[in-house]
Structures are given as C-alpha cells and as structure tokens.
Amino acid sequence: MGTLRHDRGIQVTIQPRGYQIAMVRGWYQAVRAGSLRHVTQMCPGAGKTLVAYLCARDVVSKGRPFWFFAPRRGLVTQPVEKFAQYGGLPDVQTVMAGHAYDLSRPGVRVASIDTLIERGIQLEHNAVCVIDECHMEKLAPVMETQPATVTWHGLTGTPVFKRGTWTSMECGPQPSALVAMGALSEHESVVPEEDTAALEAGAIIGNPVEWWHRHAAGLRTLAFCRNKREARAHAAHFPSRAAVLTCDDPDHVRTATLARLEARELDVVCNVGLYQEGTDIPWLECLHDLAPTNSVAAHIQRSARLWRVGGSAKMHLDQAGNFWRHGPPQVDRTWSLTGPNGVPVRVAG
C-alpha cells in the first residue's frame with residue numbers, strides 16, 4: 001500500500017479498512033456479473049476516495065485507462081492530492097481548464113464533469129470511470145453518448161436518483177457501525193420544537209443569531225443559507241467575524257476564507273450553494289442549517305461536513321426544520337436504487 005509523506009519526511013502506511021476492501025470486491029463481482037453501471041454507497045466521510053484509489057491502482061496495472069470524475073471544478077484538487085499522497089499511481093493528470101494534459105498517455109485522469117461535457121471528450125472503449133457524488137447525476141445524459149463498453153462506477157453517500165442510469169448497487173456499513181469503529185465522528189444536534197405551520201411555509205424557526213450565541217458561541221461555524229440576501233443579512237450580525245461565500249466566488253477566495261475560519265480569524269462563514277458534497281473540513285465545529293430543503297440527500301450531505309474525525313466539539317444547529325422533515329441525518333437507513341428506506345440491499349461487513 002502507498003504511504004503518506006509529511007513535510008518532515010515521516011512516512012505513514014495507508015491501510016484500508018476492511019469495509020473499503022469489501023466495497024472494491026463488490027464492484028468487481030458486479031462487473032463480472034455483467035453490470036457496467038454499478039453504484040457503491042458509503043456514508044460521507046467513510047473514505048470513498050480511498051476506494052477510488054484502490055480501483056485505479058488495479059485498473060492501471062492492467063493497462064486500462066482510468067478516469068475519476070468530480071461533479072464540479074472545486075472537487076477535482078482533493079482527489080488529485082490524495083492519489084499523490086497514497087502513491088503508486090503512474091502519471092496522474094488533471095484534465096481541466098488551466099492544466100496541461102495529454103490524453104494519449106496512459107494512466108489516471110482526474111477531471112471535472114463540466115470539462116468532459118464542454119470539450120466533448122470521447123472516452124476509450126475500455127475505459128473505467130469512477131463518478132464521485134454520482135447522485136448529482138450531472139454525467140448521466142453524457143454516459144449515453146460514450147461507448148457501450150465503458151465501465152462506470154458511481155460513488156455516493158446518498159443514492160437518491162431521478163434517472164434509471166444505474167443497474168446495481170452495494171451499500172457499505174451504516175453510520176452507527178462507522179461511529180463504533182472510529183471511522184466517523186458523532187455530534188450534538190439542537191433542533192427547535194416542531195412547528196407545522198413554519199415547516200409548511202419553509203420558514204426559519206427561531207432567531208439564528210440568538211441560537212448561535214446560545215448554543216455555539218466560539219465554535220467555527222459553516223452556515224447554509226437559502227440565498228445571497230439572507231447570507232449577507234446573517235453575516236452582518238457578526239461584524240468583521242463573518243464572511244459570505246457563493247458559487248460566484250473564485251476558488252482562491254473560497255480557500256482563503258475557509259483558512260481564516262480554521263485559524264479562528266472568523267466565527268462564521270455563510271455559504272450559498274457550496275460545500276454540500278465532497279469537501280473535507282475535519283476541523284469544522286458547528287454547522288448552522290438555515291436553508292429548508294425537501295431533499296433528504298441535501299440534509300444528510302450538509303450534516304456530513306461534521307462527520308469527519310478531527311477537531312473538538314461538533315454541533316449541528318437546525319433552524320430550517322430539516323430534522324423534522326427527514327429525521328436525524330446520521331441515522332441508519334436502508335438504501336436502494338429507488339431511494340432511502342426502500343428495497344433492502346446487501347450491506348458489506
């Protein structure tokens with residue numbers, strides 16, 4: 001297995017957990033059974049990128065091209081860095097605007113889905129493609145335009161699909177099992193009394209600023225807001241101690257702002273349309289949900305920013321009523337290709 005080299009030269013062996021190895025084997029079994037469109041469901045924070053790495057290592061050792069697709073540009077850098085840390089993968093290329101790449105070279109390609117679509121890239125007939133956060137389904141229409149012999153492997157913590165793109169799925173351990181083995185972190189949740197009228201109206205229940213000072217003062221907080229106007233209004237209550245981030249902000253601004261939050265130069269970052277999937281923030285201490293949603297996937301994915309092991313106290317403030325709509329986000333669920341709590345699927349040990 002590869003090693004992670006720190007800046008002082010210390011090497012740490014990367015040892016996959018048993019369930020991660022089981023999920024890779026489950027994918028192999030599905031392919032042998034004839035499924036070229038298989039989904040691996042693993043809780044957010046359970047190590048899907050390491051599963052992708054294990055797949056990539058096996059695929060390139062057989063001389064086949066391997067692609068890793070991220071749903072947006074901001075989620076490309078993280079797997080590239082992790083693949084490099086794990087080691088053992090030849091020629092990992094970033095296929096994205098601003099990066100030099102040569103698709104005639106064999107090896108591993110990490111790309112944003114937008115790059116594949118906008119540049120009309122045609123995949124090799126024997127390509128193996130991993131799609132991260134495949135529940136977002138950004139690549140689903142394009143899959144039909146690619147060779148029928150391409151092998152697709154979807155990764156997601158929340159397999160809620162609108163399209164019938166996938167043909168098989170295997171689920172990893174439940175959240176309770178991952179917490180028990182130390183792979184996921186627990187957190188405290190604070191929710192308001194159930195207010196049927198407020199829930200139906202999609203209203204925020206209670207005063208967000210009072211709630212934060214009462215339950216989370218001093219905790220590094222990421223707030224989910226419905227729109228820019230509400231994000232700016234909430235940030236205005238924390239003079240010089242809050243910032244707003246939206247999809248309009250460039251990558252370097254987002255990175256610098258989160259770095260300020262990590263360094264405790266800020267108390268709160270109010271975000272709109274960001275950080276719902278894929279971003280590892282192990283030092284995050286509080287998630288403040290101020291954006292009602294009818295999507296159970298969105299509810300779980302937001303909360304999962306707190307599930308990474310690391311940091312100290314972890315607090316989920318839900319004033320959007322999403323706990324009442326969807327239940328506790330870290331509760332054990334049975335998933336199927338038709339959504340949560342449907343037809344049972346085999347759970348890897």
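**Helix packing and cavities**

Me: Which residues in α3 meet T49, L50, A52 and Y53 in α2?
Reply: This is a predicted model, in which local features need pLDDT of at least 70, side-chain atom pairs count only at pLDDT 80 or more, and totals for chains, interfaces and linings use all residues. Residues are numbered from 1 along each chain as its sequence is written, and side-chain values use heavy atoms, with hydrogens and water left out. The helices are DSSP runs (H or I, at least four residues), and contact means heavy atoms within 4.5 Å. The four residues named in α2 meet, in α3, P79, K82, F83 and Y86.

Me: How many residues of the contact of α2 with α3 are nonpolar?
Reply: Ala, Val, Leu, Ile, Met, Phe, Trp, Tyr, Cys and Pro count as nonpolar, Asp, Glu, Lys and Arg as charged, and the others as polar. In this contact, 1 residue is polar and 1 is charged. The number of nonpolar residues is 6.

Me: How is α2 oriented relative to α3?
Reply: The axes of α2 and α3 (residues 77–86) lie 10 Å apart, and the helices pack at an angle of about 60°. The angle therefore makes the orientation of α2 to α3 oblique.

Me: At what angle do α1 and α2 pack?
Reply: Helix α1 covers residues 18–32 and helix α2 covers residues 48–61. Their axes are 9 Å apart, and the packing angle is about 50°.

Me: Which residues in α1 meet α2?
Reply: On the α2 side, the contact involves L50, V51, L54, C55, D58 and V59. The residues of this contact divide into 8 nonpolar, 1 polar and 1 charged. On the α1 side, the residues are Q20, V24, W27 and Y28.

Me: Which residues that line the largest cavity are the closest to its centre?
Reply: A cavity is a set of points on a 1 Å grid where a 1.4 Å probe fits but cannot get out, and lining residues have an atom within 4 Å of a point. About 80 Å³ of space lies in the largest cavity. Of its 14 lining residues, the closest to the centre are Q41, C43, P175, V331 and W335. The lining divides into 9 nonpolar, 4 polar and 1 charged, and the residues asked for are Q41, C43, P175, V331 and W335.

Me: Which helix and strand each supply at least two residues of the lining of the second largest cavity?
Reply: The second largest cavity has a volume of about 70 Å³. Among its 13 lining residues, C134, E137, K138, L139 and A140 are the closest to its centre. The elements that each supply at least two lining residues are α5 (140–143) and β7 (128–132).

Terms used. Axes fitted to C-alpha atoms, helices over the stretch in contact; angles between N-to-C directions. 1 Å grid on protein atoms, 1.4 Å probe; cavity = no way out; pocket = protein on both sides within 12 Å on 5 of 7 lines; lining within 4 Å. Points joined across faces, edges and corners; volume = space filled by probe spheres on them. Parallel < 35°, antiparallel > 145°, perpendicular 65-115°, else oblique.
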